[in-house]
Amino acid sequence: MSSKRILIVEDESAIADTLIYTLNNSGYVTEHVTLVQTALACLQTDSFALAILDIGLPDGSGFDLCRQLRRFSDIPVIFLTAHTDEIDRIVGLEMGADDYVTKPFSPREVAARVGVILRRLSPGANQTAESRSAKHFALDSLARRIRYGGVLLDLTRYEYLLLKLLIEHPERIFSREQLLERVWRDPGEVFDRTVDTHIKTLRAKLRAAKPEPDPIHTHRGLGYSLQSP
Ligand code: CA
């Protein structure tokens with residue numbers, strides 16, 4: 001088990017406590033602070049493998065904290081967010097975050113995401129650098145076309161948007177909720193099963209273009225990611 005240190009910046013003690021408990025059980029060492037200023041002091045003096053930042057903090061926002069952190073460190077950051085408009089800022093402004101989790105969340109999900117990010121960055125993960133750029137896929141955003149294994153895919157609007165998002169973030173796990181937020185911008189008549197249905201048709205089209213292997217990975221209880229062979 002790794003003894004990597006994780007800084008948790010969260011002012012709600014109930015949330016912090018469940019995170020600390022779960023991360024400690026997963027073999028991480030945690031440090032917990034509640035203020036932007038204390039967090040910055042910690043991050044400047046100690047070394048951490050990753051930081052989990054709440055956005056609404058008593059003396060400022062997690063966004064400001066992240067911005068200041070990025071002046072001296074590039075450690076991975078996961079945001080904890082409660083609002084959709086915050087997600088837009090995280091995603092849209094390229095805040096330098098590696099991932100985000102929407103409240104209420106399961107601590108197990110956060111621990112899994114921490115694990116994925118740290119494995120990706122661990123020594124030896126470099127040989128997967130090529131696979132991270134989504135091997136076999138060619139994305140043409142201007143023409144809104146995607147080729148897979150050299151074959152041009154005939155995709156519906158949402159299949160295209162879904163696959164594009166996955167290609168742009170290889171190996172990152174998206175929950176159904178995150179996919180709905182980022183692909184189906186107009187909520188309308190959209191249900192959780194919408195994502196599964198589109199993943200299913202997408203898989204069939206990918207299989208038709210290139211039978212093996214299935215690049216879309218299902219992570220039970222977590223969501224989907226694009227895996228490279
Ligand atoms: Ca808060």
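Begin by selecting Arg5 and Glu31, which form a salt bridge whose closest N and O atoms are 2.8 Å apart. The two residues join distant parts of the chain, 26 residues apart: Arg5 belongs to strand S1 and Glu31 to strand S2 (residues 29-33). A salt bridge here is a side-chain nitrogen of Lys or Arg within 4 Å of a carboxyl oxygen of Asp or Glu. Helices (H or I, at least four residues) and strands (E, at least two) are DSSP runs, numbered from the N terminus. Arg5 is partly exposed at 27% relative accessibility, and Glu31 is partly exposed at 26%. Buried stands for under 20% relative accessible area, exposed for over 50%, and partly exposed for values in between (1.4 Å probe, protein chains only).

The model is predicted, so local features need a pLDDT of at least 70 and side-chain atom pairs count only at pLDDT 80 or more, while totals for chains, interfaces and linings use all residues. Residues are numbered from 1 along each chain as its sequence is written, and side-chain values use heavy atoms, with hydrogens and water left out.

**Colour by confidence**

Next, colour the chain by pLDDT, the predictor's confidence in each residue, from 0 to 100. The chain has an average pLDDT of 85, and 86% of the residues score at least 70. Then select residues 126-132, where pLDDT stays under 50 and the model has eight contacts beyond four places in sequence. A contact means heavy atoms within 4.5 Å.

**The calcium ion**

Now select the calcium ion. Which protein donors does the calcium ion have? They are Asp11 (OD), Asp54 (OD) and Gly56 (O), lying 2.2 to 2.4 Å from the ion. Asp11 sits in the loop between strand S1 (5-9) and helix H1 (13-25), whereas Asp54 sits in strand S3 (residues 50-54), 43 residues apart, and this pair links distant parts of the chain. Along the chain, the donors follow the spacing D-x42-D-x1-G. Donors are N, O and S atoms within 2.8 Å of the metal (3.2 Å for Na, K and Ca); water is not among the atoms, so sites may look incomplete.

Is Asp54 buried or exposed? Asp54 is buried, with a relative accessible area of 4%, while Asp11 is partly exposed at 31%.

**Around Asp54**

Keep Asp54 selected and show its surroundings. Leaving aside residues up to four places away in sequence, Asp54 touches Val9, Glu10, Asp11, Gly62, Leu80 and Lys103. The side chains of Asp54 and Lys103 make a polar contact at 2.9 Å. A polar contact is a pair of N or O atoms within 3.5 Å; within protein, one must be able to donate a hydrogen and the other to accept it, and residues adjacent in sequence count only if both atoms are side-chain atoms.

The structure holds 13 salt bridges. Select Arg172 and Asp99, a salt bridge with its closest N and O atoms 3.2 Å apart. Arg172 lies in the loop between helix H7 (157-168) and helix H8 (176-183), and Asp99 in strand S7 (residues 99-102), 73 residues apart. Arg172 is buried at 9%, and Asp99 is buried at 5%.

Finish at Arg176 and Asp196, whose salt bridge has its closest N and O atoms 2.8 Å apart. Arg176 lies in helix H8 and Asp196 in helix H9 (residues 192-209), so this pair ties together parts 20 residues apart in sequence. Arg176 is partly exposed at 30%, and Asp196 is partly exposed at 25%.
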